[in-house]
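Me: Please take a close look at one loop and the strands around it. I want geometry, contacts and cut-offs, in short sentences.

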Amino acid sequence: MSKQYEQLAANVVKGVGGPENITAARHCQTRLRFNLTDYGKADKAALNALDGVAQVVESGGMLQVVIGLHVKDVFEEVEKLLPNKGGAADAPAEKRKFSLNTLIDFISSVFQPIIPALSGAGMVKALLALLVTFHLVDNQSQTYYILNFFADGTFAFLPMLLAYTTAKKMKCNVILAMGTAAIMLHSSWGALVAAGDPVNFFGVIPFRLVSYTSSVIPIILVILVQAVVEKWLDRIIPKSVNLVFVPMFTFLMMGTLSLSVLGPIGSYVGEGLGVVFDWLSTNASWAPAVLIGGLLPVMVMFGLHHGVAPLGSMQMASLGYDSIFGPGCVCSNIAQGVAALVVAVRTKDSKTKQTGYSSGVTALMGITEPVLYGLNLPKKYPLAGAMIGGGLGGLYAGVTHTHRFATGSSGIPAVLLYIGDDTMTYFYNIIIALLISAAATAVVTFLLSLKFEKAEPAAEEEAAPVFEVPANTVAAPVEGTVVPMEEIPDETFSAGVLGQGLGIQPVNGEVVAPFSGTVTQVADTGHAIGLASRDGLELLIHVGVDTVEMNGTGFTPKVKEGDTVQAGQLLLTFDRKAIAAAGHPDVVVIMLTNADDYGKVTCAPAGEVKPGAQIIHAEN
């Protein structure tokens, strides 16, 4: 999301004197805040001239670069450029500690990018199977032959794709990595394997006769070693001839190692996995589908699914089908979608109802993150219903040895992937498994809703506004005395850098919504809130000056980002004594940040106001 701010972040870091001049960096609701080793190295003029920087302020012992409400996105990119932050990814490998998270991250990075290709090829295979099943294409025809290699191309050259993604992860040359994969997939090597005669390189180095087409483990192992070899060659070969000799020696060394040692080791591992998969399919076919069907949402929450999903791809490469991940995954996704739809029917809250319908349908198509994080996990009981239903559907799929013949989506369209081996048995079985998942989930979720939905407020209807606010108008969010914008004790606000508005010297510690609308931002430290009105006004309410330094002490937000609020609804409370003790002014700043979108903005004059009083009005 923050990629568009990469260049701005790089220019800001350069403007403050470079990464080595930064001792600490953070951000508040609108500004980047830097502690610098030498403030003299900061080029304020260059920073002020940057498109995207509103103002540069040196205050409170730090350099503050005013960005605006998208400061969080900019900071994400700044952080990557700082020592021990984003740069940590380039730290020497020996300093990294191996962990389960490291392994999962590696597996995810290698397999995730190739999923679109696998899915596309898988759906072509499913289409072909459907055409053959309904006698629309003869499996002896040229059309079948051509469509078949359309689908098989991705799987046949899978090592080439994995070479690319593994090299990207290991930060070595991706073209050289793909070149090594090409050696292993070359038709001449395939011919030697097909001939079956012993192969000895230079008469002394035996090459094991293994076909690496569609393989997974060998190429990953090869590129892990190649990354080390390539960097070593790059270090010892003079730069003047580096371009020629590094690739040459890489191919000579890795071609030899891949066909004599690494490839065969990888093939042994792959064959071992094949034996395990075959044993599971014969003796415990129910186990993987039950575990994935019931526990996939938990795996997704902890990122463990990234480490499990590739097992299905490996099984498919080894045996030609996947019974490890696919059946349980599709049962789980359907269960989550059904759970959300049941909640949508049962709830009285209009927002929850809308979320349930939209995210439920999305989950039925195979995308579950919106329903998991937006509804099932927060409410808990639909998640329990989905896990029970997904597990029961997975149990049926496992007991009936149901498996898919291609990788693809994990929603309703995925049923086509279960057509293969000249039979519709697996297709029928996965449909039955999904119906079991849906029915069990619906029943359990409905029964749980009788308790949990009743426990919610009887009428979760949208609350009426405490006071009415005319169109394009901002009401006072606090009680107190108006402070004209130019008198706000902060030059960024007083100069109108962030828009037009005013301050209010409060008499109590409550901030209410100045209009009906949506919460667009809530500061991590709780001292500031961004709002958008239904008329298009964009507002920043900032409690105190430099109160970000209080790290949230004394601030208690009552809403979160994305909430819909009504005029007069309590947004946050703050402790005026705590702000005073920290040495900060407690003036509440109200700024119309998109004031430039209006022809005229009128602000209330100095004087006492109470919540609901009109303080800002915008006209087109």
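Reply: His527 sits in the loop between strand E11 (517-522) and strand E12 (528-533). Strands here are DSSP runs of E with at least two residues, numbered from the N terminus. This is a predicted model: local features need pLDDT of at least 70, side-chain atom pairs count only at pLDDT 80 or more, and totals for chains, interfaces and linings use all residues. Residues are numbered from 1 along each chain as its sequence is written, and side-chain values use heavy atoms, with hydrogens and water left out.

Start with His527 itself. His527 has a relative accessible area of 0%, so it is buried (under 20%; exposed is over 50%, partly exposed in between, with a 1.4 Å probe and protein chains only). Its side chain makes a polar contact of 2.6 Å with the side chain of Thr525. Another polar contact, of 3.3 Å, links the side chains of His527 and His542. A polar contact is a pair of N or O atoms within 3.5 Å; within protein, one must be able to donate a hydrogen and the other to accept it, and residues adjacent in sequence count only if both atoms are side-chain atoms.

Now the backbone of the turn. The hairpin of E11 and E12 has five residues between the strands, and Gly526 takes a positive phi near 75° there. E11 and E12 run antiparallel and are joined by five bridges. Two strands pair if DSSP finds at least two bridges between them. Val522 has Ile529 in E12 as its bridge partner.

E11 also has a link to strand E15 (residues 564-565): two bridges, antiparallel. Here Gly517 stands opposite Val565. In general, strands of a sheet pair through backbone hydrogen bonds, either parallel or antiparallel.

For context, take another sheet entry. An open sheet of three strands has the order E10-E16-E14, with antiparallel pairing. Its edge strands are E10 (510-512) and E14 (555-557), each pairing on one side only. Neighbouring strands of this sheet are turned by 15° against each other on average, direction ignored. For that angle, axes are lines fitted to C-alpha atoms, and angles run from 0 to 180 degrees between N-to-C directions. Three bridges join E10 to strand E16 (residues 570-574), and the two run antiparallel. Val512 has Leu570 in E16 as its bridge partner.

Notes. Helices (H or I, at least four residues) and strands (E, at least two) are DSSP runs, numbered from the N terminus.
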